[in-house]
Amino acid sequence: MDFNDESSLISRISISEAQKLIREGKINGGMLPKMENCIRAAKNSVKRVHILDGRKMHSLLLEIFTKKGIGTLIYR
């Protein structure tokens, strides 16, 4: 996964899949603490967590109101 390559974006991922990518070193750097916190939230009764790039205009609306979204959805 390359932060600068939008084609490498994962739009939906389960907790177990995210943990596997962390173990494999595919989620690292600044994305690692974000994903770890999302996993923690999803394990503790939050149904879904979204990671968005807040620098993109209307990112929240695009995530919620489009089929694919523009961020990553982490789910149980």
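**Fold and strand pairing in a predicted protein model**

In the protein chain, 49% of the contacts with a separation of 6 or more are made by residues 24 or more positions apart. The structure is a predicted model, and the values reported here were computed from its atoms.

The secondary structure of the protein chain consists of three helices and three strands. Read from the N terminus, these elements follow the order β-α-α-β-α-β. The radius of gyration of the protein chain is 12 Å, close to the 11 Å that the globule rule gives for 76 residues, and the chain is therefore as compact as a globular protein of that length. Along the principal axes, the C-alpha atoms occupy a box of roughly 30 × 30 × 20 Å.

The surface of the protein chain was examined next. Of its 76 residues, 26% count as buried. The accessible surface amounts to about 5600 Å², and carbon and sulfur atoms contribute 55% of this area.

Two residues, one in strand β1 and one in strand β3, were considered in detail. Arg 12 belongs to strand β1, which covers residues 12–14, while Thr 72 belongs to strand β3, which covers residues 72–75. Although Arg 12 and Thr 72 are 60 residues apart along the chain, their C-alpha atoms are separated by 5.5 Å.

The surroundings of Thr 72 include residues from two other parts of the sequence. When neighbours within four places in sequence are left aside, Thr 72 is in contact with Leu 9, Ile 10, Ser 11 and Ile 13, and also with Val 49, His 50 and Ile 51. For Ile 10, a polar atom of the Thr 72 side chain lies 2.7 Å from the backbone oxygen. Arg 12, with residues up to four places away in sequence not counted, touches Leu 73 and Tyr 75.

Methods. Residues numbered from 1 in each chain as written. Predicted model: local features only at pLDDT ≥ 70, side-chain atom pairs only at ≥ 80, totals over all residues. Heavy atoms only, no water. Helix = DSSP H or I, 4+ residues; strand = E, 2+ residues; numbered from the N terminus. Rg over C-alpha atoms; globule rule 2.2 N^0.38 Å. Buried < 20%, exposed > 50% of the residue type's maximum accessible area, 1.4 Å probe, protein only. Contact = heavy atoms within 4.5 Å. Areas by Shrake-Rupley, 256 points an atom, 1.4 Å probe, with all protein chains shown as cover. Polar contact = N/O pair within 3.5 Å; in protein donor to acceptor, adjacent residues only side chain to side chain.
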